[in-house]
Amino acid sequence: MIQEKLISKKKPFFGLSQELKSYLKRYRRWVNISLTYNDLTRYSGSTAIYDKRNQDTLWIRVYYKESERFEVEQNLKMVYNMLHSDGSKSNLQYFNVDAVDYCTFGNSHPFRVKVRNTLNDNYTYFYIKRTDSSRVFGLEFEHMLSPYNLNYMVNEHLLIEEHIVGIPGDVFIDEYLNQCSDSEKSQIAKEYVKFNERSMIRLLGDMRAYNFVIIPTHDFDHVVYKIRAIDFDQQCYEGKFMVYRPQFFKENIQLMELVRSYLTKDSVFQYKVEERSIVARRITSSNIRLQKIIDVMKGSKISTRENLNRLKGEIYDYTKDIAFQKSDSMGHVMEATFKYVIRNYL
């Protein structure tokens, strides 16, 4: 059953607690820089960005006054160096900020920055968003519990994320899926089941098609497809358990149709168990750091009491584990989830 609307309101932004700041500094995620998110919002003009089909992408390219542009670009080049290098100023002359784009859609309204190395014309993107503790927790869980490491930095004013390479899920569905062979569609169905399980276990919500990417990799005589989240805004906020299960979003219906067409019930069950066991091993291997972020999360406000009560009740109905009903915060819900997975799948 696909629900028409699982998310009815925009999630508010939550500030960083002192305990979360200390955690981020301990694990080298904290960055000191004068640039703020609001600095980038003071652009003087913009133009709409269209895709190859002449459709509005909901991104705009922004421009700054000549008197401010140099300072903005120098700060952006410093951000790039902090994210990808040693943070020094020694090589700034070799970088050029080719574009600064702003997303008018969604909750986080990120800026996307394109930095080009003038020595070889290679370029890289990164994103700047407003600081939000929910997103920070989401990034940390992704780093520890997914197959992928994440590079990001944060302070009180902004959050900087590296670009995650891949084809946006909605674009892949519209433009590439029909070109895939039956064996490739079967493999994508398998990966979607696993992605669904990962999202559910670590309570990462709103994984609609435009919030994840599909990554094709050539391996010998075939292409391997992986699915990776790119938006971590909805970490442990919503009260509806279905929000954390991508299978229930109407935007993903075509991927669910692949699962129904190419996988048997036994195969789906097998892949679910495989992914839960893999996540259980990641939980135990990240035990010390993971417990620290869980402890910080217990004392952080990242949702409402109404959402917490609904979510822990719905997860209890799903698992019959009394620990969820006893949870006093979203951090306690996450702790109960991880203990449940270890107990049942390790």
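The largest cavity holds about 140 Å³ of space. A cavity here is a set of points, on a 1 Å grid over the protein atoms alone, where a 1.4 Å probe fits but cannot get out. Grid points are joined across faces, edges and corners, and a volume is the space filled by probe spheres set on the points. The model is predicted: local features need pLDDT of at least 70, side-chain atom pairs count only at pLDDT 80 or more, and totals for chains, interfaces and linings use all residues. Residues are numbered from 1 along each chain as its sequence is written, and side-chain values use heavy atoms, with hydrogens and water left out.

**Cavities**

- The count comes to 2 cavities of 30 Å³ or more.
- The largest cavity is lined by 13 residues, and M200, Y318, T319, T337 and Y340 are the closest to its centre. Lining residues have an atom within 4 Å of a point.
- Helix 6 (182-201), helix 10 (305-319) and helix 12 (330-345) each supply at least two residues of this lining. Helix 12 gives the most, with 4 residues. Helices (H or I, at least four residues) and strands (E, at least two) are DSSP runs, numbered from the N terminus.
- The lining of the largest cavity divides into 10 nonpolar, 2 polar and 1 charged. Ala, Val, Leu, Ile, Met, Phe, Trp, Tyr, Cys and Pro count as nonpolar, Asp, Glu, Lys and Arg as charged, and the others, Gly among them, as polar.
- The second largest cavity has a volume of about 60 Å³. Its lining includes E142, R198, R202, L204 and R228.
- Helix 6 and strand 10 (222-229) are the elements that give two or more residues to the lining of the second largest cavity.
- That lining divides into 5 nonpolar, 2 polar and 4 charged.

**L204**

- L204 sits in the loop between helix 6 and strand 9 (212-219).
- L204 counts as buried because its relative accessible area is 1%. Buried means under 20% relative accessible area, exposed over 50%, and partly exposed in between (1.4 Å probe, protein chains only).
- Leaving aside neighbours within four places in sequence, L204 is in contact with S199, A229, D231, F232, Q234, Q235, V243 and Y244. Contact means heavy atoms within 4.5 Å.

**Nonpolar cores**

- The largest nonpolar core has 72 residues, and L20, L24, F141 and L203 have the most contacts inside it. Helix 12 gives the most to this core, with 8 residues.
- A nonpolar core is a set of buried Ala, Val, Leu, Ile, Met, Phe, Trp, Tyr and Cys residues joined through side-chain atoms within 4.5 Å.
- Not counting residues up to four places away in sequence, L20 touches S133, V136, F137, I293 and V296.
- A second, separate core of 27 residues includes V31, V72, L92 and I128.

**Aromatic pairs**

- The structure holds 14 aromatic pairs. Rings of Phe, Tyr and Trp (its six-membered ring) pair if their centres lie within 6.5 Å; planes under 30 degrees apart count as stacked, over 60 as edge-to-face and the rest as tilted.
- Y43 and Y102 form a tilted pair, 6.1 Å centre to centre with 45° between the planes. Y43 lies in the loop between helix 2 (37-41) and strand 1 (45-50), and Y102 in strand 3 (residues 95-103), 59 residues apart.
- Y43 is partly exposed at 27% relative accessibility, whereas Y102 is buried at 15%.
- F241 and Y318 form an edge-to-face pair, 5.3 Å centre to centre with 65° between the planes. F241 is buried at 7% relative accessibility, while Y318 is partly exposed at 38%.
- Ring pairs link Y37, Y43, Y102 and F111 into a cluster.

Key. 1 Å grid on protein atoms, 1.4 Å probe; cavity = no way out; pocket = protein on both sides within 12 Å on 5 of 7 lines; lining within 4 Å.
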